[in-house]
Amino acid sequence: MKEGPQTSRKAIAIIAFAAAGATLVAMLVAISAGIAWRLPLSAIPFQIGGPNVQTVSFAPGQSASKTIPAAGVRAVEIDAPIGSVSLTATSTSAIGLHWTVAGQPFQALHTTLQGGVLQIDFQPPRNLVNFGSNPDHLDVTIPSGLAATAQIDAGAMTVQGNFASLVATLQAGALNVQNFRGALTAHDSMGAINVQQATITGPLSLTANMGAITFAGDPGLAATVRADMGAVDLEIAPRGRLTVQGSVQMGPFSSGFPGLGRTGGNSFGGTIGSGKPGYLNVSDQMGPVTIDQY
């Protein structure tokens, strides 16, 4: 069967994380055995896989910056196969980019603007690994109220600010969202999702395949939370009257809301809040579920 682009990207993310872990273990073993490193890190190569795999070398981080006028931009799309990303929406009139990578920084980032959508491609060189104090990282600052999407394969993401909407997809790495306002969709295959001080103004969808989900704030009127392997911890202050339906297959359930509890078997439910009608659907295959008042 032909490998699709999503499958390929996920494989790259897993390989990158495994390579970093294997390298760290090797260094720790060498240090514990009393082996002295006499070469600078930039001169120490290592290989992953067979002879056709390119040699990967350590290199110090180098930084660069770029400013783009925000006039005519209605949405931002970020694509980062490798490296962590920080996205902030604030009261600025321009889009700011600052990044640090191993090797030549200006070859690692490309931007295009078409139809009001700014595409940001962040691709640090895959044959260089930056394990310095500033690893491969991209900081993006945009004006408040824009829509944003982000695809990150191997690396964490942090977000804060006021968005029209945010769609974040991570393959291997944690997602941390703080002081957020807007619609939010997040899917993390291998990593935790942490959302704090949130006011959701549209749909909310949080999905973690291998990782915990934590949410604190107003979930809006159309919220879905699903974890396959990991705890779900919700502290919510609903602005509407939410019908809660959920299930937890392997793990306990607890609630700080009167009238919200087990409904039989692995299911729980009830009604919380007051105001406009809405819903909150929660499911967890393996892990505890807690729903408390915020």
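D228 and R226 join their side chains in a salt bridge with an N to O distance of 3.5 Å. A salt bridge here is a side-chain nitrogen of Lys or Arg within 4 Å of a carboxyl oxygen of Asp or Glu. The model is predicted, so local features need pLDDT of at least 70 and side-chain atom pairs count only at pLDDT 80 or more, while totals for chains, interfaces and linings use all residues. Residues are numbered from 1 along each chain as its sequence is written, and side-chain values use heavy atoms, with hydrogens and water left out.

Searching the whole structure gives two salt bridges. In the other entry, R239 pairs with D218 at 2.7 Å, N to O. This pair links distant parts of the chain, 21 residues apart: D218 lies in strand β15 (residues 213-218), and R239 sits in the loop between β17 (232-236) and β18 (241-250). Strands (E, at least two residues) are DSSP runs, numbered from the N terminus.

Accessibility is given in the table. Buried means under 20% relative accessible area, exposed over 50%, and partly exposed in between, with a 1.4 Å probe and protein chains only.

| Residue | Relative accessible area | Class |
|---|---|---|
| R239 | 42% | partly exposed |
| D218 | 10% | buried |
| R226 | 35% | partly exposed |
| T207 | 13% | buried |

T207 belongs to strand β14 (residues 193-208). Setting aside neighbours within four places in sequence, T207 is in contact with A186, H187, D188, I193, I213 and R226; contact means heavy atoms within 4.5 Å.

Notes: Helices (H or I, at least four residues) and strands (E, at least two) are DSSP runs, numbered from the N terminus.
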